[in-house]
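Please read it alongside the sequence and the coordinates.

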Amino acid sequence: MLDYRCWARGIDRSKKQVMDPSLPCYILFVLIGCVQSSFGNPHQHNDTRHYEYCVLGAGPAGLQMGYFLNKAKRDYIILERNSGPGSFFNEYPRHRKLISINKIHTGRQNREFNLRHDWNSLLSDKPDLLFKRVSSEFYPPADSFPTYLSVFVKELGLKVRYGVDIGRIRAVQLATGRRYILTDQHAADYMCSVLLVATGLWVPQKVEFVGSDLVEGYESISTDPEDYRNQAVLILGKGNSAFETAQSILGSASRVHMLSSSPVRLAWQTHYVGDLRAVNNELLDTYQLKSLDGLVEARLEKIVIAQRKEQSRRRSGVEKREKKGKLYLTLNKYLQNQGEKNESDVTGEELPGFHYDNFSMRKPYDRVIRCLGFRFNFSVFDGSACPPNSDNAKGRLPGVTAWYEGKNTPGLFVLGTAAHSRDYRSSAGGFVHGFRYTVRAVHRVLEQRHHGEKWPSTRLLTSQLQSWILKRVGEASGTYQMFEVLGDVILLRGSHCEYLEEFPLQALPQLSSLSGHGVSDHGLIVLLMQYGKTKIDFLGRSRAETDWTKAWKSNFLHPVLYYYDTLPTDKDMKLRPHGWPLPRPKAIHHMVEDFLTEWDGPVSHIQPLRRFLEHAVQTDLRSFYAESCFRFSLTHRKPPLFCQHGYLKQQGVAHDHQPWQNVDVAGLTPAETDSDTSEADPALPNYLSGAGASVSSGLKLDL
């Protein structure tokens with residue numbers, strides 16, 4: 001190779017002497033080598049940067065995954081097209097108020113419990129790195145979210161590269177396996193083994209119909225109420241963005257009408273946080289109290305938005321005059337000669353009022369605004385790397401597996417709001433307080449698949465299982481927020497068990513391959529949270545079930561335990577009863593709903609749970625005083641499990657009217673943990689024993 005320092009000295013000497021005749025040959029040789037290296041291998045361009053993990057997007061989902069990768073010391077990079085994290089929230093919601101609650105005061109010091117009511121914070125090992133640091137408002141301003149994400153990046157030292165606008169994503173098959181190549185606006189390439197797409201939803205959802213070009217978009221409308229003074233406004237859509245827009249102009253617009261194909265769905269009725277929230281629903285009052293505003297149902301594909309051609313009476317020598325401006329809503333079926341006329345103009349005969357004088361939307365509008373939400377940006381993927389459209393959500397989302405890997409795109413995972421197709425309209429996976437846990441689940445899958453790290457688990461003695469379950473149902477946030485989607489899996493091993501937290505329920509048939517843990521002949525128990533399936537009046541007198549003997553009739557969020565003697569198969573999952581999150585088990589137990597969501601009642605919650613667990617593990621799980629254990633050891637060949645794990649190891653429980661006060665001394669709390677587990681209160685709740693109580697009728701067996 002040519003020594004450039006010698007070349008420079010040669011050039012300098014050439015001022016005084018003749019240039020070395022061999023120098024042009026060297027220059028030609030170097031140029032030929034450069035050309036050959038540029039065209040030799042397209043996948044090894046000089047600008048290609050190689051990483052094990054590429055995270056696309058520095059929003060909350062991307063940063064959450066960045067935290068887990070950073071903590072595990074993996075080779076990763078987060079690529080963000082804008083100049084800072086969370087750029088979506090610099091523009092949306094347009095009226096600058098978040099509807100994710102920020103409940104700071106819960107009366108508890110338990111971090112895990114408090115996350116149940118903190119819908120904005122991300123997970124980390126820093127106890128004070130919470131959203132409340134940047135805002136104390138219950139419904140925070142949108143500008144505070146990018147601020148929080150910036151603090152998150154800085155304090156955790158995450159590797160984020162800003163100003164990288166990825167315009168093309170393709171997959172290539174190399175000798176070492178499948179790789180993804182991301183090309184940015186400067187034609188620089190990033191190659192990675194695993195691509196984690198966390199771009200969210202930011203492309204406005206549109207519906208094409210006659211006159212859709214006359215409609216304004218939520219993404220570009222004015223947010224100044226004065227711009228709508230005394231105007232009649234029609235809003236297309238009935239989601240939170242539509243009602244947010246309507247609420248902002250109620251005091252200035254003359255009337256506001258809202259139109260969509262489906263009726264309003266209220267979040268407090270459906271238990272789906274993406275449905276209309278009460279903080280945005282003031283227009284429902286003005287509609288039902290008849291104050292000029294209203295809601296209408298119609299399919300958007302069948303409507304027409306047009307300007308009416310108004311003609312003045314003809315005077316002698318005066319041509320007809322046309323006046324445009326107002327927007328009219330009509331229907332496709334009333335249009336005449338659609339192929340021959342200007343679609344922006346309609347005559348009086350083409351308006352519904354001409355055919356039906358009581359048509360609800362017969363008066364014209366000054367503005368029509370589209371508020372239909374957002375969709376995933378599929379345009380950056382070429383055919384080799386593009387996940388399919390989801391079967392639900394009108395195809396707005398990418399289709400993913402139960403462990404959030406793109407269907408037909410191995411190694412490409414979808415995170416955050418874009419992965420909401422797995423639980424669309426059924427849980428909280430499209431929102432920060434839900435997907436912070438699904439992101440953690442994806443990271444655990446990656447750790448097992450690529451690094452041989454098993455899903456974190458806690459090893460428990462069987463006698464400790466009841467206490468651990470009560471602890472989890474009383475404080476765990478992941479299963480609480482991602483109800484019917486994430487659940488705790490308890491692998492029974494006889495005298496002990498392995499407790500896995502927040503496993504994706506729909507991936508249960510793949511438990512062994514995804515987690516690294518096998519299932520023994522003793523079976524398994526799955527603990528999850530779910531709502532009742534019966535439609536009720538959620539504000540009626542009989543809305544809650546308080547009788548523990550009828551726990552299976554609970555309507556509100558409550559713990560449910562499924563016992564299986566063998567691992568369910570894919571076929572079992574497909575054939576599960578309609579509306580069930582899991583296949584029909586060998587035995588099922590509902591813990592009756594609790595107004596305080598604590599589930600610590602000795603009779604209503606603890607005693608029925610113990611009876612169910614005794615059936616599953618086929619052993620006596622009652623608690624005993626030390627003198628009782630002594631008596632059992634003299635009269636029985638095999639004392640109860642509680643005595644075996646406590647008294648016979650010289651860790652008996654003292655004679656006390658509340659034996660669980662001594663549970664730590666007796667060695668009955670878990671002491672061996674594989675990895676991160678939930679933060680807990682220093683001591684377990686003051687449970688009563690429940691020994692000798694009657695058999696629970698809250699247990700259903702062999703369904």
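Predicted model: local features only at pLDDT ≥ 70, side-chain atom pairs only at ≥ 80, totals over all residues.

The numbered points below take up confidence, the cysteines, a helix and a sheet.

1. Confidence of the model. The mean pLDDT of the protein is 86, and 82% of its residues reach 70 or more.

2. Two stretches call for caution when the model is inspected. Over residues 34–45, pLDDT stays under 50, and the model has 5 contacts beyond four places in sequence for this stretch. Over residues 659–668, pLDDT likewise stays under 50, and here the model has 29 contacts beyond four places in sequence.

3. The disulfide. How many disulfides does the count give? The count comes to 1 disulfide. Cys-629 is joined to Cys-643, with an S to S distance of 2.1 Å. The pair links distant parts of the chain, since Cys-629 lies in helix α16 and Cys-643 in helix α17, 14 residues apart. The angle about the S-S bond is -80 degrees, and the link of Cys-629 and Cys-643 is left-handed. A disulfide is a covalent bond between the sulfur atoms of two cysteines.

4. Are the two partners buried or exposed? Cys-629 counts as buried because its relative accessibility is 2%. Cys-643 is also buried, with a relative accessible area of 0%.

5. Other cysteines. Cys-54 is buried, and its relative accessible area is 0%. Cys-386, by contrast, is partly exposed, with a relative accessible area of 28%.

6. Helix α16 spans residues 626–635, and Ala-626, Ser-628 and Cys-629 are buried in it. Why do these residues lie on the same side of α16? They do so because they cover an arc of only 155 degrees around the axis. On the other side of α16, Arg-631, Leu-634 and Thr-635 are exposed. The cover over the buried residues of α16 includes α17, residues 641–645. Helix α17 is also where Cys-643, the partner of Cys-629, is found.

7. The three-stranded sheet. An open sheet of 3 strands runs in the order β15-β12-β16, and its pairing is mixed. The edge strands, β15 (327–331) and β16 (345–346), each pair on one side only. Strands of a sheet pair through backbone hydrogen bonds, either parallel or antiparallel.

8. Strand β12 and its neighbours. With β15, strand β12 pairs in the antiparallel sense over 5 bridges, and the bridge partner of Gln-307 is Leu-327 in β15. Strand β12 is mostly covered, as 5 of its 6 residues are buried.

Conventions: Residues numbered from 1 in each chain as written. Heavy atoms only, no water. Pairing = 2+ DSSP bridges. Helix = DSSP H or I, 4+ residues; strand = E, 2+ residues; numbered from the N terminus. Buried < 20%, exposed > 50% of the residue type's maximum accessible area, 1.4 Å probe, protein only. Arc of directions from axis to C-beta. Contact = heavy atoms within 4.5 Å. pLDDT = per-residue confidence, 0-100. Disulfide = S-S within 2.5 Å.
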